[in-house]
Amino acid sequence: MSEEEVKETIEEVDADKDAEDNKGMGIVAYFIFFIPLLAAKDSKFAMYHANQGLILLLTAIIINTVGTVVPIIGWLLVLPLGNLFVFILWIIGIINAAKGEKKPLPLVGKFEILK
């Protein structure tokens, strides 16, 4: 093995250990995104899911604001379908964190607010 391959292997093992050690923080991030910011700020895994949780929170705020402000269509379509969408993303995020995966949420997961 070359030196570069050894470094990559070590990084993968460290990432796997980080994910295994911080699965709980990853899950908590979808309920209260700032807890991992305080309790596991050195974990890339926990910070990734804290970012996903924050994006999901902002998505929910935008959907509920638009759905509330726009009469009829907002009340009958945007609010129920938008909140169903957020709920499904929330479940996907929790499942990804529980599996130890760093997969972005569909549609909204590509944004990065927290570094």
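Figure 1. Glu20 is exposed, at 52% relative accessible area. Exposed stands for over 50% relative accessible area, buried for under 20%, and partly exposed for the range in between (1.4 Å probe, protein chains only). The model shown is predicted: local features need pLDDT of at least 70, side-chain atom pairs count only at pLDDT 80 or more, and totals for chains, interfaces and linings use all residues. Residues are numbered from 1 along each chain as its sequence is written, and side-chain values use heavy atoms, with hydrogens and water left out. The side chain of Glu20 meets that of Lys23 in a salt bridge, at 3.5 Å from N to O. A salt bridge here needs a side-chain nitrogen of Lys or Arg within 4 Å of a carboxyl oxygen of Asp or Glu. Lys23 is partly exposed, with a relative accessible area of 23%.

Figure 2. Lys17 is exposed, at 51% relative accessibility.

**Figure 3. Glu101 bridges to Lys103.** The closest N and O atoms of this salt bridge lie 3.9 Å apart. Both partners are partly exposed: Glu101 has a relative accessible area of 25%, and Lys103 has 44%. Side chains of opposite charge can pair when their charged atoms come close. A search of the whole structure finds three salt bridges.

**Figure 4. A patch of negative charge lies on the surface.** Glu4, Glu5, Glu8, Glu11, Glu12, Asp14 and Asp16 gather here. Patch members have over 30% relative accessible area and no salt bridge; like charges are joined within 9 Å, nonpolar side chains (Val, Leu, Ile, Met, Phe, Trp, Tyr) within 5 Å. Asp14 belongs to helix H1, residues 3–21. Its relative accessibility is 47%, so Asp14 counts as partly exposed.

**Figure 5. His49 is buried in helix H4.** This helix covers residues 44–69. The relative accessibility of His49 is 0%. Gly109 is 60 residues away along the chain, yet the C-alpha atoms of His49 and Gly109 are separated by 9.9 Å.

**Figure 6. Ile72 and Leu107 have positive phi angles.** Most residues other than glycine have a negative phi. Ile72 has a phi of about 55 degrees. Ile72 sits in the loop between H4 and helix H5 (73–99). Leu107 has a phi of about 70 degrees and lies in the segment after H5. Both side chains belong to exposed residues: Ile72 at 54% relative accessibility, Leu107 at 66%.

**Figure 7. The whole chain, for context.** The protein chain has five helices and zero strands. From the N terminus on, its elements run α-α-α-α-α. The C-alpha atoms fill a box of roughly 65 × 25 × 20 Å along the principal axes. The radius of gyration is 17 Å, whereas a compact globule of 115 residues would have one near 13 Å. That radius is taken over C-alpha atoms; the globule rule is 2.2 Å times the number of residues to the power 0.38. Of the 115 residues, 32% count as buried.

Methods. Areas by Shrake-Rupley, 256 points an atom, 1.4 Å probe, with all protein chains shown as cover. Lys, Arg positive; Asp, Glu negative; His and termini not counted. Charge placed at Lys NZ, Arg CZ, Asp CG, Glu CD. Helix = DSSP H or I, 4+ residues; strand = E, 2+ residues; numbered from the N terminus.
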